[in-house]
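Below is a short report on one protein model. It moves from a single element out to the whole chain.

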Amino acid sequence: MIAVVGGGIAGLAAAYRLQTHGHEVQVFEASEDLGGLAAVYETAGDPIEKFYHHLSKSEETIVDLAEELGLGDRVEWIYGNDGYYVDGVVHPLNTIWEIAAYPHMSLYDKFRLGMLTMEVDVRGGVPAFDTYDDLEAFEDVPIREFLLEHATRGVYENFFEPLLDAKFGERKTDVSAAWLLGRIKFRGERDLLRGEQLGYFDGSFAVLLDALVESVGRENISTGARVRDLETVDGAVSTLAVETDDGEGVHDVDDVIVAAMPNVLEALSGYPCQIDFQGAVCGVLTMDESLLDETYWLNIADEAPFGALIEHTNFVPPERYGGQHLLYVASYVQSREDDLWQLSDDDLEARWLGGIEDLFPGFDRSSVESFRIGRNPRAAPVYERGYLDLVVPYDLSDEVAEGLYYAGMASRAQYPERSLNGGIVAGYACADRIDRKRSG
């Protein structure tokens, strides 16, 4: 039997891929819920993700999987409206005309920003189109240093620096330019007249998770099953000890894919991972009226107690949620000692609603019907310089034991940006390596 430790998108994708190759597989998930960061809340209509999700055009593997599972017609591509809150004003930044009208950068700043986002190096006055092809060349370059050289000081200070503060906080100086360039590539092409198309599943990402679970077979997935120990014999994986409500059982295994955070891998195998992770605190407000009018994603250059406001129902129509308006309030935290992590849900709600009132004086708290808060201590890596040296290999036969594989968030597929698509890529990578080994 092949065991998969973790029932998130990577683990389910690995199990699905193994089964398509004809292998017997069992998924063990410690919690009672499947899906990991893609888990959902119920609403008056469709479910909504506890932590915001959408697709970029570059995420082809997840779209291909949806097609295989008969969900191709459930993937919708929608133009999302982005905005930037500066000095009490929401500035739309979608079309070339809106960007040109943005008052907080010079025309030259906006030209250099535009060239960078199109991956054109205009230093020296002669455009170069291949400078940014090799991300690893920028792996050890700090973002500030990179932007001052490849764009302008105005681009860094008036556009990127507030975003970096919201994303990485005190760790922003540690992050590499490779992450920034990778994020630009990840986001895909932008229509200069309409903005960027983003993808979403009609019915939420739960549609994809449910189809994966159905394809893998519920009988091949154990929830509430915490893997406690991994034994090896003669340098190869041998057994897993799994704890459930019925006690602890031991399972003979031929191969094991750990599709979980690297601390789980270290606990089971002793393999250390030096990647630092940041946590996320994410609230979902259910409201009876819109806050941001037409804006979907609002970045904030302000001393707000959160990093971004994302009004989901300015992206997906509120009619799908019983007419309710759904707003994410989101922040990353760099430590569990952070105030946002330490606050109770009630205190956090009060702080965040106060922050919204400061930004939008017309906001009425009585419009909020519910406020649900999700927390995850390891929501995303900190993509510091030298990150690639810290990535965990897919195949750990040489490092730990024959038959041990890793498909979690510290894998190569989640560089230079983590995504559900990357989880599927990682799951496939491990499954295909097992299949090649057994077929060879």
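The cover over the buried residues of helix 8 includes helix 1 (9-20), strand 3 (40-41), strand 4 (48-49), helix 2 (60-68), strand 8 (196-201) and strand 9. Helices (H or I, at least four residues) and strands (E, at least two) are DSSP runs, numbered from the N terminus. Contact means heavy atoms within 4.5 Å. Helix 8 is mostly covered, with eight of its 11 residues buried. Buried means under 20% relative accessible area, exposed over 50%, partly exposed in between (1.4 Å probe, protein chains only). The buried set is Ala206, Val207, Leu208, Leu209, Ala211, Leu212, Val213 and Val216. Gly217 follows helix 8 and has a positive phi, near 100°.

This is a predicted model: local features need pLDDT of at least 70, side-chain atom pairs count only at pLDDT 80 or more, and totals for chains, interfaces and linings use all residues. Residues are numbered from 1 along each chain as its sequence is written, and side-chain values use heavy atoms, with hydrogens and water left out.

Asn220 sits between helix 8 (206-216) and strand 9 (221-223). Asn220 counts as buried because its relative accessible area is 18%. Leaving aside residues up to four places away in sequence, Asn220 touches Gln19, Val25, Gln26 and Val27. Ala3 is 217 residues from Asn220 along the chain, yet their C-alpha atoms are separated by 9.9 Å.

Strand 6 (residues 82-86) and strand 7 (residues 89-92) pair in the antiparallel sense over four bridges. Two strands pair if DSSP finds at least two bridges between them. Tyr85 has Val90 in strand 7 as its bridge partner. Two residues separate the strands of this hairpin, and Asp87 in the turn has a positive phi of about 55°.

Now the whole chain. It holds 12 helices and 19 strands. The C-alpha trace spans about 65 × 55 × 45 Å along its principal axes. Some whole-chain values follow.

| Property of the protein chain | Value |
|---|---|
| Buried share of the 440 residues | 55% |
| Share of contacts with a separation of 6 or more that join residues 24 or more positions apart | 69% |
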